[in-house]
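This report goes through selected local features of one protein chain. Please keep the sequence and the model open while reading.

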Amino acid sequence: DRIDRQSDSLEKEGIFTGAYAVHPFTGQRVPLWLGNFVLADYGTGAVMGVPAHDQRDFEFARKYDLPLRVVISPAGEVLDSESMTEAFTADGVMVNSGSFDGMPNEDGKKAVAQSLEKEGKGKATVQFRLRDWNISRQRYWGSPIPMIYCDACGVVPEKEENLPVLLPLDVKTHSDGRSPLADTPSFANCACPKCGGPARRETDTMDTFVESSWYFARYTSARDTQAPFDADAIKYWLPVDQYIGGVEHAILHLLYSRFFTKVLRDMGFFPAELAEPFKNLLTQGMVLKDGGKMSKSKGNVVDPTTMIQKYGADTVRLFCLFAAPAERDFDWSDSGIEGASRFIGRVWRLFDDEKDRLLPLKACQSTAEDAQSEEARDLRRREHLTVKKCGEDMGDRFQFNTAIAAVMELVNAMYLSRDKLGTSEGERRVFSSAMASVLTLLSPITPHVCEELWQRLGHGSALSCELLPAWDEAATVQDMLTVALQVNGKLRGTVQIPAAADKAAMEQTALADSSVQRHIDGLTVRKVVVVPGKLVNIVAN
């Protein structure tokens, strides 16, 4: 994006100066205009207008009837500047550009700059917009800045052997929130490291962004008291595999972390190949209330303590993770948290109602031999499909809401199947295995309830120490499918067919079904449409 322009919503105004610039390649005269949407303090204060390829320039040119020259077109197409209704801002190939015609526009930019430099008419430069960063803060909580003020020597850094400068613990806080460091003589008064005379220590502390920009590197060897970093530990642990942070801090924190990482690398603290601090980033969304960000000033903050006292910590956790994908904002809803509470109650009641049927199994302990009945095979298939989906959603995509939804569907299936399952040990194992999977999958989300039920299953070890269950791909294959039967597009029934049935077998089964025969009696079948695994539609008249 062009960053040398003001807001797109600003009405474009301009004045022709009466002066011209000479095009360095063609020698043509280019009119010079003053515009209110160009930032005078950016770069030289002058920018090249490209009305065919920048929307703001396009609007400005149309307003003042300035010529548009297309110099970038989609591959295989030439744009007509007269019929254009908006600027073409996508990548393409260069046209109307002399010897640069046919080049991809990004390559053409470099070629133009190289040609100008070769002819002595200009050169490419990089302009940095970084400014000095004021890291000092007037507060107690932070890292002291190791600088000392001496009337004789000026500003002097603390001696290296006196580092780190530690915050004093004998401070007296102020009711107005001012930092107490300036009023703590034992900290503020000191000797000048240079002349030894009386001096005063800097009482500002560093912005907390300073610490948060490299703490992850310190974690790699946190107990090392001899050096800030251990080279082998840095090489082993960094870059961070997955970083999770709030969306409000994503831009600045990432900018500062990358800055510190590159500086520490250039100073030799990090390996030369460590280019980035993080491999993957997930920015969490915010919790909203009535469509707006929760704020004490707005008075729309929901007190988590009150919610925990009323519903329990597990319910609050479940609702927050189920309400929306992790990276999306979600609007707090009292009815939503009540729904989360009802689901946890359903899990507890299912366990309590069926405790005599349950065996102390770990997740996915049932086998294909245990599932002898159709109902048992279906429940075992649903269990393994749920385990597979939860593993992918939570482990790979951080989609906790869809993982929770999958567990909810499994719980519903267990309610529907509990009265249909037999009492044999094999079928008890199938039901018990499904319950164990429910608890194991929900454990990271609702740990307290799941741990309690896990112990009631008779396990001696903590559920939090268990691995997430693995799924058997063979168990996820459905033996029988429910196929819809239609006559002239209207549903007339369903039928169970083997999952491996081909189109011919599906057609034959549908035509033999009694409900279908009743609705085509006396009619001539003109066509049979088969959608494998889903439906058969008989067209008859």
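## Backbone geometry

The model is predicted. A cis peptide bond, with omega near 0°, runs from Leu-163 to Pro-164. Pro-164 sits in the loop that connects strand E7 (154–157) with helix H3 (185–188). Leu-238 and Pro-239 are likewise joined by a cis peptide bond, with omega about 0°. Here the proline, Pro-239, belongs to the loop between helix H6 (231–237) and strand E11 (243–246).

Positive phi values occur at two residues other than glycine, Asn-96 and Phe-398. For Asn-96, phi is near 50°, and the residue is part of the loop between strand E4 (93–94) and helix H2 (105–118). For Phe-398, phi is near 60°. Phe-398 lies in the loop between helix H11 (374–395) and helix H12 (400–417). Phe-398 counts as buried because its relative accessible area is 17%, under the 20% cut-off.

## A four-stranded sheet

An open sheet with mixed pairing is built from four strands in the order E17-E16-E19-E18. The edges are taken by strand E17 (490–498) and strand E18 (525–531); each has a single partner strand, so one side of each has no neighbour in the sheet. On average, neighbouring strands of this sheet are turned by 20° against each other, direction ignored.

Strand E18 pairs with strand E19 (residues 535–540) in the antiparallel sense, over six bridges. Within this pairing, Val-528 has Ile-538 of E19 as its bridge partner.

## A buried aspartate

Asp-207 is located in the loop between strand E10 (205–206) and helix H4 (208–212). With a relative accessibility of 6%, Asp-207 is buried. Leaving aside residues up to four places away in sequence, Asp-207 touches Trp-133, Ile-135, Arg-137 and Arg-139.

## Salt bridges

Side chains of opposite charge can pair when their charged atoms come close. How many salt bridges does a search of the whole structure find? The count is 27.

One of them joins the side chains of Glu-11 and Lys-63, at 3.0 Å from N to O. This pair links distant parts of the chain, 52 residues apart: Glu-11 is in the segment before strand E1 (14–22), and Lys-63 is in helix H1 (residues 55–63). Glu-11 is partly exposed at 49% relative accessibility, and Lys-63 is partly exposed at 39%. Another salt bridge forms between Glu-59 and Lys-12, whose closest N and O atoms are 3.3 Å apart. This pair also links distant parts of the chain, with Glu-59 in helix H1 and Lys-12 in the segment before E1, 47 residues apart. Is Lys-12 buried or exposed? Lys-12 is buried, with a relative accessible area of 5%, whereas Glu-59 is partly exposed at 35%.

Asp-183 and Arg-178 form a salt bridge as well, with the closest N and O atoms 3.4 Å apart. Asp-183 is partly exposed, with a relative accessible area of 47%, and Arg-178 is partly exposed with 45%. Elsewhere, a network of salt bridges links Asp-353, Glu-354, Arg-357 and Arg-418.

Note on methods
Residues numbered from 1 in each chain as written. Predicted model: local features only at pLDDT ≥ 70, side-chain atom pairs only at ≥ 80, totals over all residues. Heavy atoms only, no water. Helix = DSSP H or I, 4+ residues; strand = E, 2+ residues; numbered from the N terminus. Buried < 20%, exposed > 50% of the residue type's maximum accessible area, 1.4 Å probe, protein only. Pairing = 2+ DSSP bridges. Axes fitted to C-alpha atoms, helices over the stretch in contact; angles between N-to-C directions. Contact = heavy atoms within 4.5 Å. Salt bridge = Lys/Arg side-chain N within 4 Å of Asp/Glu carboxyl O.
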